[in-house]
Amino acid sequence: MPTSQQKKTWSLQDNKRTEAERNLFKATGKPKKSKNVVYLLSVIGGLLVLSFLLPQFYEKAVTVCVTDTFCVNSKTDVLLFTLYVFFTIVILILAVYGAYVVGKKLANAIKL
C-alpha cells in the first residue's frame, strides 16, 4: 500500500456533493418561525373535539347545574355542554400544571 494514497474519509456521501449542495445547509440568517400558536390552536381544537365526543358516548342524558337557575343538559344543549366539559378539562390541566410548578419551587426551596 503506497503512502501517496489519499486518506479514507468516513462520509455517507463519500465527498460526492458539490459546493452548491453543501451550501444548502448553511444558515440563511432568517430567524426560525415559532410554531407555538399552531400547536396551541391544535391542542385547543383537539380538546374541543374530545369535549364534544365524550358526552356522545354516554347514552344517558346528564344535567349539570352551574347555578341555581342555569342548568345544562347533555342531549338538548349540546354546544353548551361541550363548552362546559371543555372548560372543566382546561381547569383540571391548569390545576395539575400549577401543582407541578408549586411543587418544583417548594422542592428547590427545601433542597439541602
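Two notes before we go on. This is a predicted model, in which local features need pLDDT of at least 70 and side-chain atom pairs count only at pLDDT 80 or more, while totals for chains, interfaces and linings use all residues. Residues are numbered from 1 along each chain as its sequence is written, and side-chain values use heavy atoms, with hydrogens and water left out.

**Stop 1: the core**

Select Leu47, Val64, Val72, Phe81, Val85, Phe86 and Ile89: these seven residues form the largest nonpolar core. Such a core is a set of buried Ala, Val, Leu, Ile, Met, Phe, Trp, Tyr and Cys residues joined through side-chain atoms within 4.5 Å. Helix α3 (residues 78–110) gives the largest share of this core, four residues. Buried means under 20% relative accessible area, exposed over 50%, and partly exposed in between (1.4 Å probe, protein chains only). Of the protein's 112 residues, 11% count as buried.

**Stop 2: two packed helices**

Now show α2 (residues 36–57) together with α3. They pack at an angle of about 120°, and their axes are 8 Å apart. Axes are lines fitted to C-alpha atoms, for helices over the stretch in contact, and angles run from 0 to 180 degrees between N-to-C directions. The angle makes α2 oblique to α3, because angles under 35 degrees count as roughly parallel, over 145 as roughly antiparallel, 65 to 115 as roughly perpendicular and the rest as oblique.

Next, pick out residues of the contact (heavy atoms within 4.5 Å): α2 contributes Ile44, Leu48 and Phe52, among others, and the residues from α3 include Val78, Leu83 and Ile93.

Zoom in on leucine 47. Apart from neighbours within four places in sequence, leucine 47 is in contact with Phe86, Ile89, Val90 and Ile93.

**Stop 3: cysteine 71**

Where is cysteine 71 found? Look in strand β2 (residues 71–73). Cysteine 71 has 33% relative accessibility, so it counts as partly exposed. Not counting residues up to four places away in sequence, cysteine 71 touches Thr63, Val64, Cys65 and Asp77. Finally, draw a C-alpha to C-alpha distance from cysteine 71 to phenylalanine 81: they are ten residues apart in sequence and 9.6 Å apart in space.
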